[in-house]
Amino acid sequence: MTPSLEKVETHDGALMNGRLVWVSPLHVGMVSAFTGVLLAYLVVGVMVVLNQFSAKPATFNYLGGLVLFPLAVSFCAFVFAASSALLYNVVAKRGVWISGTVEPSPAPGPTEAFVGLLSKPEQEPPHMCIPYDFGYLDYLCFTLMQQFLSPILQGTVFLVVGYAFVSNLRDNPLGTSLLMVLFWYAMMWAAQAVILAAYLFTRRRDSALTDHVVEIRDDAFYESTRFNDSRFLWSGILRLVERPGYVAVYVSQHAAHVVPTRAFQSKQQRAQFISLVREKMKLV
């Protein structure tokens, strides 16, 4: 997608903000498939619990319940969501493909211009300037990925499922015990994802969920929104992390500026952004 700071006029004469024009079928499909797997495991978990507490427990089909059913739900969710997004692009928006935009602000008055000069002195043009919109799903994906890669959380989950594996191994074959462990591992992360999604939904008015502009300059890493204007010296940047769907520039152990992949015009620009940030970090 190609970032733009202008509105686009469609052939019917309507002015449309690019942020709402283009929808990525792959992104929507992957999110829907992941959500489908979580819901499938939640349904299976409820069925298992109800079966255990019933008067006459039935034999549970581990292969169908823990593998085939979630895969089928995930595949159907992906196909339906991706097709709907593609249809939205082609029909509803008449095939206009542009990226999220940051609306240009009106020209400041004399007082505002003077204050702006005091807060942000004259500088050389940035090596790279990336505008993007950071939304709820971006926040959820980043936080969930951060938790999933946490050694402490993963260690806790493995301890719990390890205990369940040893307990089941006494009364069940190895294959059945492994499937049960896989089921409880997925269920624990599904529950964590649902709790996290609900928690972040209560913070959907967070000032981070807005339009951002990040700039790479010689002296520092700049980030601005309608709520703040920040400057982080390169000596204060801890690390840069590449993940599927985003690039994160960490300014502390648990705080980062997350730039979605869709904000970049191409893979080359994404690679150039990563290279520039790492180059500036090495210089200090």
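A salt bridge is taken here as a side-chain nitrogen of Lys or Arg within 4 Å of a carboxyl oxygen of Asp or Glu. The model shown is predicted, and six salt bridges are counted in it by this rule.

**View 1. The salt bridge between Arg-217 and Glu-215.** In this close-up, Arg-217 pairs with Glu-215, and their closest N and O atoms are 2.8 Å apart. Both Arg-217 and Glu-215 are buried.

**View 2. The salt bridge between Arg-231 and Asp-219.** The closest N and O atoms of Arg-231 and Asp-219 are 3.6 Å apart. Arg-231 belongs to strand β6 (residues 229-233), whereas Asp-219 sits in the loop between β4 (211-216) and β5 (220-224), so this pair ties together parts that are twelve residues apart in sequence. Asp-219 has a relative accessible area of 31% and is therefore partly exposed.

View 3. Glu-242 and Arg-278 form a salt bridge through their side chains, with an N to O distance of 3.2 Å. Distant parts of the chain are linked by this pair: Glu-242 is in strand β7 (residues 239-243) and Arg-278 in helix α7 (residues 267-283), 36 residues apart. Glu-242 is partly exposed, at a relative accessible area of 36%, and Arg-278 is also partly exposed, at 37%. Together with Arg-270, these two residues are linked in a network of salt bridges.

View 4. Val-43 is located in helix α1 (residues 25-52). Its relative accessible area is 40%, so Val-43 counts as partly exposed.

**View 5. The largest nonpolar core.** In soluble globular proteins, nonpolar side chains tend to be buried together. The largest nonpolar core has 35 residues, of which Ile-130, Ile-216, Phe-221, Val-259 and Phe-273 touch the most other members. At least two residues of this core come from each of β3 (128-133), α4 (136-148), α6 (174-201), β4, β7, β8 (246-250), β9 (256-260) and α7.

View 6. Leaving aside residues up to four places away in sequence, Phe-221 touches several residues, among them Val-214, Ile-216, Phe-232, Trp-234, Ile-237, Val-249 and Phe-273. The contacts of Phe-221 also include Glu-215 and Arg-231, the salt-bridge partners of Arg-217 and Asp-219, respectively.

Technical notes. Residues numbered from 1 in each chain as written. Predicted model: local features only at pLDDT ≥ 70, side-chain atom pairs only at ≥ 80, totals over all residues. Heavy atoms only, no water. Buried < 20%, exposed > 50% of the residue type's maximum accessible area, 1.4 Å probe, protein only. Helix = DSSP H or I, 4+ residues; strand = E, 2+ residues; numbered from the N terminus. Core = buried A, V, L, I, M, F, W, Y, C linked by side-chain atoms within 4.5 Å. Contact = heavy atoms within 4.5 Å.
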